[in-house]
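User: I would like to learn how to read some features of a protein model, one at a time. Could you take me through them with the general idea before the particular case?

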Amino acid sequence: MESRSVPPGPYRATKLWNEITTSFRAGMPLRKHRQHFKKYGNCFTAEEAVDWLYDLLRNNNNFGPEVTRQQTLQLLRKFLKNHVIEDIKGRWGSENIDDNSQLFRFPANSPLKSLPRKHPELRKNSIENFSKDKDSIFKLRNLSRRTPKKLGLHFSQENVEEMNHEIINGDQENSVYNREISQEDVEEVWRHITLIYLQTILGVPSLEELINPKQVVPQYVMYNMTNTSKHGIVILQDKSDDLPHWVLSAMKCLANWPRSNDMNNPTYVGFERDVFRTIADYFLELPEPLITFEYYELFVSILGFLQPHLERVAIDALQLCCLLLPPPNRRKLQLLMRMISRMSQNVDMPQLHDAMGTRSLMIHTFSRCVLCCAEEVDLDELLAARLVSFLMDHHQEILQVPSYLQTAVDKHLDYLKKGYFQKEYPLIYQKRFPSTESEAVLFGDKPTIKQPMLILKKTKFRSLRY
């Protein structure tokens with residue numbers, strides 16, 4: 001089976017759906033089967049379909065070996081719901097499918113899902129509304145000319161200095177000198193620079209179809225950057241937004257197993273399973289995933305970089321994207337990733353499930369608590385599982401504060417303040433930051449040093465000795 005990789009970009013979930021359904025329809029073996037003393041041609045059993053699709057997904061670059069058989073069965077049920085397959089009597093939609101010998105076939109037509117398209121007029125209006133925002137001191141411009149040739153961009157000091165230089169030079173024409181730098185201006189700088197770095201990392205000509213710039217709340221980014229513990233965990237000022245104390249205690253118990261500062265050692269068999277079920281119930285009952293609905297398309301697009309040679313791109317992009325989350329969500333995500341990562345690596349952790357290992361259980365339990373679409377998407381479970389797996393392995397780097405972003409914002413604000421000061425107080429500015437031209441104006445002509453009128457030639461003394 002050929003394993004193709006769907007590239008990053010808008011509507012990646014729909015593209016993946018079309019790629020998988022096409023591969024399944026083209027490659028699934030069909031043969032004769034007997035059921036209830038009757039023969040049926042060109043069909044397959046549910047068990048055969050699960051076997052073939054399970055192998056396809058595990059060997060596909062877009063999903064990987066951590067796909068479970070249960071997830072494969074769930075996808076097959078969605079195939080039946082969407083009429084990719086039908087039972088041997090032509091029924092689909094409300095029918096169910098289990099991992100058994102029930103017979104299914106392909107319908108005459110299996111339409112692919114069309115990619116969503118924004119109406120041109122709506123797209124034009126959205127761009128005009130953003131560009132006409134008078135409260136903003138910057139416009140988000142197309143950065144394709146500045147996109148690095150290599151997608152494997154990691155922000156070394158040289159990268160940051162180069163980006164800062166390009167941002168400042170490129171935005172000189174957009175600076176506003178007729179008013180002071182306000183808090184709104186500061187927030188707009190944070191939004192602007194965050195989007196510039198994200199677009200540059202992803203190497204896309206535009207972020208328009210991945211995220212609306214107005215969905216980037218600069219107050220969230222600023223708070224997540226500055227209000228952190230020594231371990232980088234967000235500290236909430238409003239404790240009502242935090243995890244309940246009993247959930248924090250339970251998470252600490254399992255993260256530090258078998259040692260715990262808050263709870264005594266268990267006195268009965270199965271204590272760990274009960275604690276884990278308590279934590280899982282809390283996260284499963286949250287009204288919205290930790291990665292809020294408006295960022296679904298953005299995070300799914302980044303999954304296109306989980307391939308080994310683009311791993312650096314995915315880490316840098318996710319590091320920025322996780323800053324966009326509301327602070328309570330980011331804190332919950334940080335604590336959850338720390339807990340499940342430690343549990344998965346803890347060889348002393350008792351078995352929490354009869355059929356699954358600890359790592360698989362963590363992914364299966366919490367994936368939809370982390371990522372899912374507001375409207376049911378057919379590949380939600382697989383995409384969310386892939387993201388949680390990657391976050392578990394790289395959470396320390398992804399969920400740390402990127403210092404280069406603060407540096408870029410500070411330099412940009414200094415540039416703006418200097419530009420405003422120069423416009424409002426030109427004489428004072430010229431004294432503080434004199435140039436060759438301004439020195440001549442301020443201090444007048446400097447006295448010239450005249451050459452001496454008579455140049456005495458040095459006398460050579462001769463020795464008196466002959």
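**Reading the backbone and the core**

Analyst: Pro258 lies in the loop between helix H8 (245-255) and helix H9 (271-284), where helices (H or I, at least four residues) and strands (E, at least two) are DSSP runs numbered from the N terminus. This is a predicted model, in which local features need pLDDT of at least 70, side-chain atom pairs count only at pLDDT 80 or more, and totals for chains, interfaces and linings use all residues. Residues are numbered from 1 along each chain as its sequence is written, and side-chain values use heavy atoms, with hydrogens and water left out.

User: Which residues does a cis peptide bond join here?

Analyst: Most peptide bonds are trans, and most residues other than glycine have a negative phi. A cis peptide bond joins Trp257 and Pro258, with omega at about 5°.

User: Where does Phe37 lie, and is Phe37 buried or exposed?

Analyst: Phe37, which is not a glycine, has a positive phi of about 65° and lies in the loop between strand E1 (31-35) and strand E2 (38-45). Phe37 is exposed, with a relative accessible area of 80%; buried means under 20% relative accessible area, exposed over 50%, and partly exposed in between (1.4 Å probe, protein chains only).

User: Which residues touch the most other members of the largest nonpolar core?

Analyst: In soluble globular proteins, nonpolar side chains tend to be buried together. A nonpolar core is a set of buried Ala, Val, Leu, Ile, Met, Phe, Trp, Tyr and Cys residues joined through side-chain atoms within 4.5 Å. The largest one has 119 residues, of which Phe24, Ile85 and Phe366 touch the most other members. Helix H14 (residues 380-398) gives this core its largest share, 10 residues.
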